Every structure is written in C-alpha cells, then in structure tokens.
Amino acid sequence: MGQARKGENGLLGAIRRVFQPGRPSRSEVSCTHLDQIQDVTPSAEGCEECLKTGDQWVHLRICLICGHVGCCDNSRNTHATKHFQATGHPLMQSIEPGENWIWCYVDKVAMQPEES
Ligand SMILES: [Zn+2]
Ligand SMILES: [Zn+2]
Ligand SMILES: [Zn+2]
C-alpha cells in the first residue's frame, strides 16, 4: 500500500513494465537481471561519493537495484562502476536529461526502454 508519489518513480515503474521477463520490447533483451529492478529513489542529488569528497563528475548513473547514484566511466572516479564491483548490483540507468538507457554490467548489454 504505497503512498501515491508523483514524478521520480514514474520512469522506473514504466521500465519495469516494459522489461517484464518473457516480454521483450522492440529489441530482444538478453539480460537476465531485469526482474531485480526495484522502484528506487535516487540516493542523492548527484554522485553520492563525489558529493562527500567535493569532487566533480561528468554524467550520472543510478543503480536500479538500490538507487545509488554514481558517476559514469568518463568521470574521474567512476563510482557507478565501483558500486557494481562492490555490491554486484548489475543494472544501472543514465539519469542525464533526455537519456533513459539501461546498462547491464554482467551481460554487457545496453537497453532502451520504449517511450510511454
Ligand atoms: Zn543482465
Ligand atoms: Zn563519483
Ligand atoms: Zn546498488
């Protein structure tokens, strides 16, 4: 019985619908981890670790398992990848404006949710 929360979780909810196991969207989805996606809330306004150290990032990625926000591989600290290495959470999504692709670190496959 979750409260009705507008906005931030809408996109992730849509992704989970699009990527239901057994119902691949327009392209074949070879990732087997999509059923691990949770309705996550971003853990911070920016890269969690970089905010603590006062560092800068290039792009932001969110972990779709726990909501950890980390910086991309073009950033000096690559915290999104480090988060996967530390936790084994395989799925992250770009939260850059206009981007909603998902990357699986294990299957090394990028996925594009359909627009709703
Ligand atoms: Zn996968
Ligand atoms: Zn970072
Ligand atoms: Zn995570």
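Reader: Hi! Before I look at details, what is the average pLDDT of the protein?

Author: Hello! The model is predicted, and the protein averages a pLDDT of 81, with 72% of the residues scoring at least 70.

Reader: And where is confidence lowest, and where is it highest?

Author: The lowest is helix 1, residues 10-18, with a mean of 49, while helix 3, residues 79-87, is highest at 98. Residues 1-10 have a pLDDT below 50, and that stretch makes four contacts in the model beyond near neighbours in sequence.

Reader: Good to know. How many helices and strands does the protein have, then?

Author: There are three helices and five strands. Reading from the N terminus, the elements go α-α-β-β-α-β-β-β.

Reader: In what order do the strands sit in the sheet?

Author: The order is 2-1-3-4-5, in an open sheet of five strands with antiparallel pairing.

Reader: Which strands stand at the edges?

Author: Strand 2 and strand 5 (109-111) do; each has a single partner strand, so one side of each has no neighbour in the sheet. On average, neighbouring strands of this sheet are turned by 30° against each other, ignoring direction.

Reader: Let's zoom in on strand 1. How does strand 1 pair with strand 2?

Author: Strand 1 and strand 2 (residues 69-71) are antiparallel and share three bridges. Leu-60 sits opposite Cys-71 in strand 2, and Ile-62 has Val-69 as its bridge partner there.

Reader: Which way do the residues of strand 1 point?

Author: Leu-60 and Ile-62 point one way, Arg-61 and Cys-63 the other, and all of them are buried. In a regular strand, side chains alternate between the two faces of the sheet.

Reader: How many residues does the largest nonpolar core have?

Author: That core has 19 residues, and those with the most contacts inside it are Cys-47, Leu-64, Cys-71 and Met-92. Strand 1, strand 2, strand 3 and strand 4 (102-104) each provide at least two residues of this core.

Reader: Where is Thr-78 found?

Author: Thr-78 is in the loop between strand 2 and helix 3. Its phi is near 40°, which is positive in a residue other than glycine.

Reader: Why is Thr-78 partly exposed?

Author: Because Thr-78 has 19 other C-beta atoms within 10 Å, and a residue needs 20 or more to be buried.

Reader: Which other residue is in that loop between strand 2 and helix 3?

Author: Asp-73 is one of them. Asp-73 is partly exposed because it has 13 C-beta neighbours inside 10 Å. Setting aside neighbours within four places in sequence, Asp-73 contacts Thr-78 and Thr-81.

Reader: How far apart are Asp-73 and Trp-57?

Author: They are 16 residues apart in sequence and 9.5 Å apart in space, C-alpha to C-alpha.

Reader: Now the loop between strand 4 and strand 5: is Lys-108 buried or exposed?

Author: Lys-108 lies in that loop, and it is exposed, with 9 other C-beta atoms within 10 Å. Lys-108 also has a positive phi, near 55°, in a residue other than glycine.

Technical notes
Residues are numbered from 1 along each chain as its sequence is written. Chains are lettered from A and ligands numbered from 1 in the order in which they are written. This is a predicted model: local features need pLDDT of at least 70, side-chain atom pairs count only at pLDDT 80 or more; totals for chains, interfaces and linings use all residues. A residue is buried if 20 or more other C-beta atoms lie within 10 Å of its own, exposed if 12 or fewer, and partly exposed in between; C-beta atoms are placed from the backbone. Helices (H or I, at least four residues) and strands (E, at least two) are DSSP runs, numbered from the N terminus. Two strands pair if DSSP finds at least two bridges between them. A nonpolar core is a set of buried Ala, Val, Leu, Ile, Met, Phe, Trp, Tyr and Cys residues joined through C-beta atoms within 7 Å. pLDDT is the predictor's confidence in each residue, from 0 to 100. Two residues are in contact if their C-beta atoms, placed from the backbone, lie within 7 Å. Axes are lines fitted to C-alpha atoms, for helices over the stretch in contact, and angles run from 0 to 180 degrees between N-to-C directions.
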